[in-house]
Amino acid sequence: MGPIKNALSLIPSFRLPGSGSKVVYEELPSHDMSHVSSPLDESPIMPESRRKGTPTSRRRFGLFRTSPKRLVIIMLAVSLTLVLIAGGSFRARRYYTEKEKTDERIPYHWEAYERLNGFYNGVRTLVNYTDWVPEQQAAPKTKIKINKALPFDPVLVNPYPFESEEYLNLHQSPKRCYLDENEEHEAPDIFAYPGIPAGMTAPYWGSYESLHIAPDRCWERFGRFGPYGYSYNPAEGGLGLSNNSAHVGAEKVEEMFTKIDYHGINWGKAQKKCFEKNKDRFEPDSIGADGTILKKKVKRSAYVLRTWTGYQYTDIQLLSLRAMINELSLKSGGEYDVHLLVHVKDDSIPIWASEEVYNQTLEANVPEEFWGITTLWSEQLMRTYYPGPFREEDNVENHSKGDIHGVYRSAHFALQWFSQQHQEYDFFWNWEMDLRYTGHYYEFHNGVSNWAAEQPRKLLWERSSRFWIPGAHGPWSKFSQLVEQETAERNERPVWGPVEFPTGGYGKLVPPEKNTPPTKFEDDDYKWGVGEDADLIVFDPLFDPAKTNWVFRNDVSGYNTSVETPPRRVAIITVARLSRELLNTMHEETFRLHHTMFPEMWPPTVALHHGYKAVYAPHPVYFDRKWPLDIMDKTFNYPSAPHESPFGWGEHNMQGGSFYYNAGFSGALWRRWLGAKENGEGGKKTEQSKSDRMCLRGMLFHPIKSESVE
């Protein structure tokens, strides 16, 4: 095996264990020697007759009729051939060795840190949350106990507050919703385990407790997705994805739910009927004779998934979409409506001119069960809706060289347009198709929303510009004190209400009165904003791009370029909750003043200019390596220069994380959780021989560019 192993290790993109292999997260192309330029490319390896399997007799070569003269010639030819082959082999080895040296790069500092493997401890290692010791804090070579049977039974998860006395004192209780028109199939429940795997890795950023997400349970694939068709066959209406999965204890999960035939489910009708049954909950506040509020209005959200024509809806994607609709909309009594906002990439298709063309385009690009929740749009439609003019002289820098109406530069145009058609919603969640969540969608979104409402406005922009690392900063209260102290020491002027800036005579909208601070900054005792819904919730820090070398920081259009560029803020990844009021202002800025910026910069900047309440929600983020906390804090919160910012050239530091635009570890971990092999690790045999299926706490993954089961 040794010589073969050494030879194979020379082949590009092919490495065997032990031949210097490293964990890689990016998707690599499959090995194909036809695209490799090497001294071996033109070498005839096998005669055509042998490739086709044609029998070859020894007499064909005429060995027994060869004369001595011919024999000498043949021997010389064979010797020369062997010399050429040996020389070619040497040159080939030298070629690949030199190429490898050329391709070699200096490893990033974080690649030297110890790899964390607690993520992969499975359901047979479950312990009570109170007994859990995070992997980062465990003693070296701690042995994890693997039980024969699962230590806990799965439990139904119900994060909805609708039965609590506190809720019922303020709101009406929702009426039950169903998947079908005949109300035979009640919206299903999902299941988790009341513990977490021993030695499970802890998140480095954020907190479950702060966001009101239960920290003491974990999710595996049967309980999370079984009710949506993961674990039963297509003949029963499921997807049959668990046929080759480790499954210790899974039968107990499957006994807890009814198998639903998802063929023929119409999610649009289900959502509409659910809303109609519960529409009284969304009426204005009910006021008593004495002026007191008897019942408060429940606010509604549009949950907008951004997709496009040609998008491939995999079976696993179907599971996630069904989970979103069921958990956010049906189980909540209509608090959310899930929408697919589909970009029609072919501008020549007149979707606005013909209902027939519109329906043909929709039906050709979206699975039937989602037709009723889909809205189509195109860049040509946006050119009509936002005609401009968007003058080149009013653009600071178009780094991407793209069209101002193109989705790459103005993805927010479609969301602004959609919000104008749907003023019935209080909030709009802009959600990308490459996001996944292991936990309960309502628990996460409701927790994030409530946490954001609790935050005071004082120093909110400043807190939201940093990563909260509990291991380094302590609890949120201490982190808040640290931000206050640093802001004072740096003599920075904190954001307090709408931000003023020179316009050079160009127009400017008047900020809403509600965003004017009631007191001076120094007179506020962290009271203003408490209990106020956030207008913008993002999932990465709201940073000042002028302090980084983020490449799109100057894609600012519609402002006077002869004066200083307006102050801006950015949150990487266009995933956010936006209030109706913020989106209305964004629309007015674009329609009336022809203002716009790069998508990740536009909503935060409009919020900054107009004094809206904006916040970065510190959801739990994991890393694949054991970072020293002081180095992590310095790397992400105190870069030594603009180009070292994690939002600039320092973005490589995010590759081992579970959430960022380039977080390679995210996809790898998600696929392992689904039971697939990744980088030669995981899969059914590995799970069966160790501690069975992975069981993760609620985790937001991005980006997921591919997903599979074994």
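Q: Let's start with histidine 212: is it buried, exposed or partly exposed?
A: Histidine 212 is partly exposed, with a relative accessible area of 44%; buried means under 20%, exposed over 50% and partly exposed in between, using a 1.4 Å probe and protein chains only. By the way, this is a predicted model, where local features need pLDDT of at least 70, side-chain atom pairs count only at pLDDT 80 or more, and totals for chains, interfaces and linings use all residues. Residues are numbered from 1 along each chain as its sequence is written, and side-chain values use heavy atoms, with hydrogens and water left out.

Q: Where is histidine 212, and what about its phi?
A: Histidine 212 sits in the loop between strand S4 (196-197) and helix H5 (221-225). Its phi is positive, about 60 degrees, although the residue is not a glycine. Helices (H or I, at least four residues) and strands (E, at least two) are DSSP runs, numbered from the N terminus.

Q: And histidine 594, what's its phi?
A: Histidine 594 has a positive phi of about 60 degrees, and it is not a glycine. You'll find histidine 594 in the loop between H16 and strand S15 (596-597).

Q: Switching to peptide bonds: what is the one from glycine 388 to proline 389, cis or trans?
A: That bond is cis, with omega near 15 degrees. Proline 389 belongs to the loop between helix H10 (379-385) and H11.

Q: And from histidine 702 to proline 703?
A: The peptide bond there is cis, with omega near 0 degrees. Proline 703 is in the segment after strand S19 (700-701).

Q: OK, sheets. What order do the strands take in the seven-strand one?
A: The order is S9-S8-S7-S10-S14-S12-S16, in an open sheet with mixed pairing. Two strands count as paired if DSSP finds at least two bridges between them.

Q: Which strands stand at the edges?
A: Strand S9 (374-377) and strand S16 (614-616) do, each with a single partner strand, so one side of each has no neighbour in the sheet.

Q: How do S10 and S14 pair?
A: Strand S10 (residues 427-432) pairs with S14 in the antiparallel sense, over four bridges. Tryptophan 429 stands opposite arginine 577 in S14.

Q: Now the cavities. How many are there of 30 Å³ or more?
A: A search of the whole structure finds nine. On a 1 Å grid over the protein atoms alone, a cavity is a set of points where a 1.4 Å probe fits but cannot get out, and lining residues have an atom within 4 Å of a point. Grid points are joined across faces, edges and corners, and a volume is the space filled by probe spheres set on the points.

Q: What's the volume of the largest cavity, and which residues are closest to its centre?
A: The largest cavity has about 160 Å³. Of its 18 lining residues, the closest to the centre are Asn430, Thr574, Ala576, Pro599 and Pro603.

Q: Which element gives the largest share of that lining?
A: H11 does, with three residues. By class, the lining of the largest cavity has 13 nonpolar, three polar and two charged residues. Here Ala, Val, Leu, Ile, Met, Phe, Trp, Tyr, Cys and Pro count as nonpolar, Asp, Glu, Lys and Arg as charged, and the others, Gly among them, as polar.

Q: And what's in the lining of the second largest cavity, by class?
A: That lining has nine nonpolar, six polar and three charged residues, and the second largest cavity holds about 120 Å³ of space.

Key:
On a 1 Å grid over the protein atoms alone, a cavity is a set of points where a 1.4 Å probe fits but cannot get out, and a pocket is an open set with protein on both sides within 12 Å along at least five of seven lines; lining residues have an atom within 4 Å of a point.
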